Amino acid sequence: MISEFTQKDYELIDSAYSLLKESAKKRCPSQREMGVIEKAFNFANDAHRNVRRRSGEPYMLHPIAVARIVVDDISLGYKSISAALLHDVVEDTDYTVDDIREAFGDKIASLVDGLTKIKTVLDKEEKTRWGGYSERSLQAENFKRILLTLNDDPRVVLIKLADRLHNCRTIEFMPEHKRDKILSETMFIFIPLAHRLGLYGVKSELENIWLRYKEPDAYKEIQNKISLNISEREKEIDEFVVPIEEALTKAGFRFEIKKRVKTPFSVWHKMQTKQIPFEQVYDLYAIRIIFDEDRESNESERDQCYHVFSIVTGIYRYMPERLRDWVKHPKQNGYEALHCTLLSKSGIWVEAQIRTRRMDDIAEKGIAAHWSYKKSGYLSENDSEMDKWLASIKDILMNPDVNALELLDIIHNDLTTSEIIVFTPKGEQKTIQVGATVLDFAYLIHTEIGNKAIAGKVNQKLVPLSHVIKTGDQVEVITAENETPKREWLSFLVTRRAISAVVDYFKDQRESTVGSGKEILRSKVESIGFKADEKNLKTIMKAYKLNSSEELFYKVGLGLLKPDNLSDILKKEAHKPSIFSKILRRDSNSSSGTAQTQGPEKGPDGVSYQIAPCCRPIPGDAVIGFKGEDGVVTVHKKSCPVAEGIASTRGESVVVPNWYDSASGRAFPVRIFLRGIDRVGQLNEITGYLSLVMGLNIRTLNLTSRDGIFEGYMDISVTDKSILEKLMKRLSEIAGIESVTRKDLS
């Protein structure tokens with residue numbers, strides 16, 4: 001949007017830049033560095049003159065804001081600040097990367113070039129046809145290029161995260177379908193990436209923005225409850241901190257204590273995953289004890305953390321099962337801290353996070369602080385965690401056998417997978433993902449140990465290679481010199497490293513493996529009454545997101561792909577539903593699958609809509625739609641994980657659905673989960689209220705009682721969300737009922 005700037009516009013730009021300079025001077029004290037930043041500002045300001053954002057404000061305010069995030073939240077230096085100021089110049093004006101190189105040198109030009117490529121990738125619409133079997137996602141293909149910059153120069157991704165954060169801060173000016181695409185992409189890739197790079201502040205803010213737009217009612221309700229709770233508890237928390245301050249001062253520590261309240265997103269996420277109401281989120285409050293390590297002390301940094309812990313737990317009782325020692329066993333993103341949950345004198349539980357100043361810098365500013373400490377000569381025994389993860393990402397990206405869509409899933413899973421700590425027989429600590437087996441552990445140690453493994457010992461007890469290990473286990477691998485990998489190992493391996501090693505071993509046997517897979521597939525197709533012809537082969541390849549028949553046969557032959565749902569795939573193609581409906585039905589069939597998908601129905605706008613079986617939205621929910629090639633729009637809840645995955649890779653299909661006609665009186669199924677204290681007559685009171693007062697039909701009732709506690713669910717039909725909320729509020733008031741929560745009916 002081009003229009004002449006007014007005097008007020010120039011004043012806004014100057015004011016914003018003055019604030020940036022104040023921040024930059026703390027990080028870049030030399031006049032030479034500040035001179036480069038000034039030059040970059042003038043260059044970008046001239047390039048973006050008279051250009052405005054969707055909000056109507058000068059465009060230059062955006063790169064200035066990104067640069068402030070880069071210095072304040074990520075703690076990068078003058079080259080990154082300059083690149084942030086220049087990051088849209090090449091994409092949006094007539095200037096080229098060569099112009100930037102001539103004015104600012106190779107490094108800043110390289111950063112701007114990387115950012116320009118990322119912006120081009122994310123703005124690119126999906127151009128490929130769904131009809132052909134060479135199905136690809138340009139977004140997925142190009143995320144590989146984005147993540148490769150982690151190895152070329154991680155600062156590119158860090159600046160991009162700053163850019164994404166500011167775009168999300170101003171996302172209300174975007175049209176809804178564009179907003180949904182950006183937020184889904186943010187949740188699927190950028191939030192996990194911020195977490196793994198240790199950028200806690202960036203991650204938390206992105207999560208809260210996501211919740212505000214994806215689940216607006218839930219966000220407002222939780223935010224209001226948090227605010228009310230704080231006003232009631234603030235004095236108690238202040239009183240809780242006083243004895244700790246006195247004791248630490250007496251012990252000679254230099255420290256500060258910060259008070260923290262759980263974010264709306266983290267409260268919502270806990271309510272969803274634990275199926276509990278707000279009132280049962282007990283770790284709402286936390287204090288952060290940040291102390292200056294005494295480098296001259298006889299105690300190590302770790303021991304000084306334990307010293308603080310002993311002082312704090314000498315004042316308040318703590319909950320042993322909630323002790324988290326990330327000082328001895330840091331997270332893979334480099335996070336180090338000691339967490340314990342303390343009981344205040346007034347009876348509320350408060351989490352205490354104990355960190356040194358170095359640990360706090362890394363926790364808040366992540367990878368940049370990690371490298372800053374390494375460069376300044378401060379090395380800790382945990383410094384390698386971040387570097388090991390970056391090396392593992394490079395391994396994924398360089399694998400020639402992984403296609404783009406698979407790579408996007410692998411990266412997403414790698415960013416979000418939970419981890420456990422296990423030990424070698426000599427007590428060496430190893431980090432591995434949850435669900436890993438003894439054989440996964442063997443390949444973690446060394447490929448040759450994995451290749452020759454025959455069994456294992458877990459805590460001195462003999463176990464098979466498929467045994468799933470748990471946190472704290474001591475694992476020993478038993479090998480035999482003549483042992484070689486088995487194809488059946490792929491049926492229980494879970495880590496990418498182990499699977500890749502076994503697949504690599506069989507590469508020399510690719511021709512025979514392809515032949516074997518071809519025969520297996522032909523036999524399975526014919527056994528269910530279909531022809532093993534080219535048309536059906538293309539249908540199967542499309543369903544499994546593969547680009548060649550050889551790739552399909554090879555994966556079937558190895559056992560990496562088990563085509564057990566061929567009948568569904570081939571029958572669905574005969575009925576020609578939308579591609580998104582196929583994806584969703586496949587996801588639904590893999591779950592408990594009690595609810596069946598209804599056929600498409602016409603909406604008020606004449607478009608055919610189908611309700612997604614993975615989340616089953618009802619009128620009043622915040623929803624997102626995906627338009628298939630046949631014109632049918634599949635409607636999801638905006639917060640549905642399946643929808644997040646589709647929107648992050650198929651952004652061009654996102655639409656704003658006008659799917660419900662209130663005059664139709666149509667009822668929608670929902671599931672309510674109940675838990676409480678069992679008592680005589682309670683079931684009658686629940687069902688009586690539903691049928692007699694609300695006039696609702698109970699489709700399924702499944703409640704069980706044990707040791708005086710009952711829990712279970714009921715499926716009912718409602719016409720909209722307001723009726724459901726009224727019902728849940730009334731049920732929660734019945735004596736003995738502890739929690740009433742809605743659960744997706746999948």
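I shall discuss a helix pair, a sheet and one further helix.

This is a predicted model, in which local features need pLDDT of at least 70, side-chain atom pairs count only at pLDDT 80 or more, and totals for chains, interfaces and linings use all residues. Residues are numbered from 1 along each chain as its sequence is written, and side-chain values use heavy atoms, with hydrogens and water left out.

Helices (H or I, at least four residues) and strands (E, at least two) are DSSP runs, numbered from the N terminus. Helix H11, residues 200–214, packs against helix H13, residues 264–274, at an angle of about 65 degrees, and their axes are 8 Å apart. Axes are lines fitted to C-alpha atoms, for helices over the stretch in contact, and angles run from 0 to 180 degrees between N-to-C directions. H11 and H13 are therefore roughly perpendicular to each other, a term covering 65 to 115 degrees. Contact means heavy atoms within 4.5 Å. On the H11 side, Glu 207, Asn 208, Trp 210 and Leu 211 meet Pro 264, Phe 265 and Trp 268 of H13.

Turning to the sheet, five strands form an open, mixed arrangement in the order S12-S13-S15-S14-S16. Its edge strands are S12 (601–602) and S16 (654–655), each pairing on one side only; pairing requires at least two DSSP bridges between two strands. S14, residues 623–627, runs antiparallel to S16, and two bridges join them. Phe 626 stands opposite Val 654 in S16. Across S14 and S16 lies helix H10, residues 176–196, running at about 95 degrees to S14.

Note on methods:
Parallel < 35°, antiparallel > 145°, perpendicular 65-115°, else oblique.
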